[in-house]
Amino acid sequence: MTDFSPKSEFLRVMFERGYVHQCSDFAGLDALAAKREIVAYVGYDCTARSLHIGSLVSIMMLAWLQRTGNTPITLMGGGTTQIGDPSFKDEARKLLSLDEIEINKAGIREVFAKVLRFGEAPGEARMIDNAEWLTRLLYLPFLRDVGRHFSVNRMMTMESVRQRFEREQEFSFLEFNYMLLQSYDFVELARRHGCNLQMGGSDQWGNIVTGIDLGRRMGTHQLYALTCPLITTASGAKMGKTAQGAVWLNADMLSPYEYWQFWRNTEDADVGRFLRLFTFLPLDEIARLAALGGAEINEAKKVLATEATALMHGREAAEAAAETARRTFEEGRAASDLPGIDVPAAELATGLGVLAAFVRAGLVASNGEARRQVQAGGLRVNDRVVTDPARVLTAADATEAGAIKLSFGKKKHVLIRPV
């Protein structure tokens, strides 16, 4: 619906900043938003101790929803995590124990408080766990009252399900139930909390509109869907995936410095788009930064990195990360708060092979890759190029700061600290 012109502040922000992919009814949702009557939720399954950057778009949508006078709900999947969302997965998720789910849930909760204001007053965010109702369901009444509204024929045609069958990959009955449970979540949130909108990534569209249909059949008020696009980089890579793995939002799983560096390494063509999506900077300031050309675009990348890091880790940590980067890259010094690993001093006393050191630091995946990088001149120890793959590191390599600095290329650095 490209010719739609929103009247509400919420949808105007969604369009201007690039959050909109699909909506079930733009006009109806816009009317609710104009009266600040949206109560919207996004669901987050508790599959790890932290959310990763792939969840950040929906988190920002919730934050803007609240900033424009509406009410956000963060739905914790204490119940659905016990099943596992099969959407566009090649295989079934590992089933977690209840204790593991609780540990993961506690870690995920930390993220939301950084961008949302929680409380009981109108407009304040609410955190709800779908285990409240899913774990109390009785199987036969659920099949009778909810299951009868689902067409297996239609479920089989949904893209997320069809892909698994086309690849001849097993699709368990357990996973098949996930769609029913997610749809039922929408109905329960509508009944219990007046929820009228579910938001999520574009891969959730089928599940969300199925929830809207279930709500209609079970007599709720009108429900709506709003999805955001799958975020890819200008080169076509999936957002948030690196050679080292997922970009986590919790500091105990990815340091603020490494998080800052992820954003600093943004491709030139993505700077403006990512500033709109992942910061609260005004659009006119974003336009000014995105218009910078040549080497000046690096200043815009630093602003993006600092603002995005401040959002998740606080202004002080973000500015410390920026200063660490400045000292490391502009002054060539081994800043003490670079990412680091501890190595027993006894191991350095006998000598640690340089290839093994780079693997242990997580800068390369294997000794073979490290050897190839040595041949290409891509590895450095204390800012000096490694030329001999048989070199060993000893305590004598430690600098005045008491650590050995390993570098892969110009932007990836890890300190080895003797302990």
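Mentor: Start with Lys-114. Beyond its neighbours within four places in sequence, Lys-114 is in contact with Leu-249, Leu-311, Met-312 and His-313. Keep in mind that this is a predicted model.

Trainee: Where in the fold does Lys-114 lie?

Mentor: Lys-114 sits in a loop. That loop runs between helix H4 (98–112) and strand S4 (126–129).

Trainee: Is Lys-114 buried, exposed or partly exposed, and what is its relative accessible area?

Mentor: Lys-114 is partly exposed, at a relative accessible area of 36%.

Trainee: What does the side chain of Lys-114 reach?

Mentor: The side chain of Lys-114 comes to 2.7 Å from the backbone oxygen of Met-312. Met-312 was also on the contact list of Lys-114.

Trainee: How far apart are Lys-114 and Asn-207 in sequence and in space?

Mentor: Count along the chain for one answer, and go from C-alpha to C-alpha for the other. Lys-114 and Asn-207 are 93 residues apart in sequence. In space they are 28 Å apart.

Trainee: Let me try another residue. Where is the place of Thr-210?

Mentor: Thr-210 belongs to helix H11 (residues 205–217). Thr-210 is buried, with a relative accessible area of 4%.

Trainee: Which residues is Thr-210 in contact with, leaving aside neighbours within four places in sequence?

Mentor: They are Phe-150, Arg-154, Met-158, Met-179 and Ser-183. Take Met-179. It is 31 residues from Thr-210 in sequence, yet 8.0 Å away in space, C-alpha to C-alpha.

Trainee: Now strands. How should I read the two faces of one?

Mentor: In a regular strand the side chains alternate between the two faces of the sheet. Now look at strand S3 (residues 71–77). Thr-71, Ile-73, Leu-75 and Gly-77 are on one side. Pro-72, Thr-74 and Met-76 are on the other.

Trainee: What follows for S3 as a whole?

Mentor: Seven of the seven residues of S3 are buried, so S3 is largely enclosed by the rest of the structure.

Trainee: In which sense do S2 and S3 pair, parallel or antiparallel?

Mentor: Strand S2 (residues 39–45) and S3 pair in the parallel sense, over seven bridges. One example is Tyr-41, whose bridge partner in S3 is Ile-73. To get from S2 to S3, the chain passes through helix H3 (residues 56–67). This β-α-β crossover is right-handed.

Trainee: How many bridges join S3 to S4?

Mentor: Four, and these two strands run parallel. Ile-73 takes part here too, with Arg-126 as its bridge partner in S4.

Trainee: What is the strand order in the open sheet of five strands?

Mentor: The order is S9-S15-S14-S11-S12, and the pairing is mixed. Strand S9 (340–343) and strand S12 (384–385) stand at the edges. Each has a single partner strand, so one side of each is left without a neighbour in the sheet.

Trainee: How do S11 and S14 run, parallel or antiparallel?

Mentor: Antiparallel, with three bridges joining S11 (residues 379–381) to S14 (residues 404–408). Val-381 stands opposite Leu-406 in S14.

Trainee: Last topic, cysteines. How many disulfides are there?

Mentor: A disulfide needs two cysteine sulfur atoms within 2.5 Å. By this rule the count is zero. Cys-23 is in no disulfide, and its nearest cysteine sulfur, that of Cys-228, is 13 Å away. For Cys-195, also in no disulfide, the nearest is that of Cys-23, at 14 Å.

Trainee: Are Cys-23 and Cys-195 buried or exposed?

Mentor: Cys-23 counts as buried, at 13% relative accessibility. Cys-195 is buried as well, with a relative accessible area of 0%.

Terms used. Residues numbered from 1 in each chain as written. Predicted model: local features only at pLDDT ≥ 70, side-chain atom pairs only at ≥ 80, totals over all residues. Heavy atoms only, no water. Buried < 20%, exposed > 50% of the residue type's maximum accessible area, 1.4 Å probe, protein only. Contact = heavy atoms within 4.5 Å. Polar contact = N/O pair within 3.5 Å; in protein donor to acceptor, adjacent residues only side chain to side chain. Pairing = 2+ DSSP bridges. Right-handed = clockwise from strand over helix to strand, strands pointing away.
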